[in-house]
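Have a look at the picture, then read on.

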Amino acid sequence: READDFKNDQIGEDDLVDVAEEVMDLASRWHSLGLALRLKSAELDTISTKNHTDPTECLRDMLLAWLQQRYDFKKFGLPSWRMLCQAISNPVGGNNPALARKIAEHHYPVNDVE
């Protein structure tokens with residue numbers, strides 16, 4: 001893909017299925033990934049309670065909250081593939097740089113991954 005195809009690589013609620021498919025292997029780390037995506041602890045606790053701690057459902061609802069910008073997006077930026085990859089690489093988040101690279105290859109040029 002050309003660099004122009006990635007215009008900020010912003011993603012939203014309509015991308016939930018695509019995002020969930022990419023990160024399903026991290027369901028057991030959904031809470032940590034949510035923190036790395038800058039969701040507040042109270043939001044994550046509500047998600048956990050709602051889903052009776054089922055990790056797959058918690059992951060889906062956490063991703064939805066992130067895509068709906070239920071965090072300080074003005075400070076941390078809008079949801080994007082780049083932000084997701086950075087969170088997945090982060091030791092607090094997924095701690096999975098290999099998965100982040102795989103997702104990056106699907107969604108933006110590898111040489112842009114920081």
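## What counts as a helix here

What you're looking at is a predicted model.

## The overall layout

How many helices and strands does the chain have? It holds seven helices and zero strands, so going by the run-based definition of elements, the order from the N terminus reads α-α-α-α-α-α-α.

Of the chain's 114 residues, 41% count as buried. Now take the contacts between residues at least 6 apart in sequence: 65% of them join residues at least 24 apart.

## Around α6

α6 covers residues 81-89. Which of its residues are buried? They are Trp81, Met83, Leu84, Cys85, Ala87 and Ile88. A handy reminder for reading a list like that: an α-helix has 3.6 residues a turn, so residues three or four places apart point the same way.

As for what sits over those buried residues of α6, the cover includes α1 (16-23), α2 (30-36), α4, α5 (73-76) and α7.

## α1 against α6

Two packed helices are described by the angle between their axes and the distance between the axes. For α1 and α6 the angle is about 25° and the axes are 12 Å apart. Angles under 35 degrees count as roughly parallel, and α1 and α6 are therefore roughly parallel to each other. The crossing of α1 past α6 is right-handed.

On the α1 side, the residues involved are Asp18, Val19, Glu22 and Val23, and they meet Trp81, Leu84 and Ile88 of α6. Sort this contact by class and you get five nonpolar residues, no polar ones and two charged. Trp81, Leu84 and Ile88 also turn up among the buried residues of α6.

## α3 against α4

Next up is the pair α3 (41-50) and α4 (55-67). Their axes come within 9 Å and cross at roughly 145°, and α3 passes α4 in a right-handed crossing.

Who touches whom? From α3 it's Glu43, Leu44, Ile47, Ser48 and Lys50, and from α4 it's Cys58, Asp61, Met62 and Ala65. By class, that contact of α3 with α4 has five nonpolar residues, one polar and three charged.

## Two loop residues with positive phi

His52 has a phi near 50°, and it isn't a glycine. You'll find His52 in the loop between α3 and α4. Is His52 buried or exposed? His52 is exposed, because its relative accessible area is 68% and the cut-off for exposed is over 50%.

Asn95 also has a positive phi, about 50°, without being a glycine. Asn95 lies in the loop between α6 and α7 (97-107). With a relative accessibility of 47%, Asn95 counts as partly exposed.

## The aromatic pair

The structure holds one aromatic pair. Tyr71 and Phe73 make it up, in an edge-to-face arrangement with 6.5 Å centre to centre and 75° between the planes.

How accessible is each partner? Tyr71 counts as buried because its relative accessibility is 7%, where buried means under 20%. Phe73, at 27%, is partly exposed.

Technical notes:
Residues are numbered from 1 along each chain as its sequence is written. This is a predicted model: local features need pLDDT of at least 70, side-chain atom pairs count only at pLDDT 80 or more; totals for chains, interfaces and linings use all residues. Side-chain values use heavy atoms; hydrogens and water are left out. Helices (H or I, at least four residues) and strands (E, at least two) are DSSP runs, numbered from the N terminus. Buried means under 20% relative accessible area, exposed over 50%, partly exposed in between (1.4 Å probe, protein chains only). Rings of Phe, Tyr and Trp (its six-membered ring) pair if their centres lie within 6.5 Å; planes under 30 degrees apart count as stacked, over 60 as edge-to-face and the rest as tilted. Contact means heavy atoms within 4.5 Å. Axes are lines fitted to C-alpha atoms, for helices over the stretch in contact, and angles run from 0 to 180 degrees between N-to-C directions. Angles under 35 degrees count as roughly parallel, over 145 as roughly antiparallel, 65 to 115 as roughly perpendicular and the rest as oblique. A crossing is left-handed if the near helix is turned anticlockwise from the far one by less than a right angle, and right-handed if clockwise. Ala, Val, Leu, Ile, Met, Phe, Trp, Tyr, Cys and Pro count as nonpolar, Asp, Glu, Lys and Arg as charged, and the others, Gly among them, as polar.
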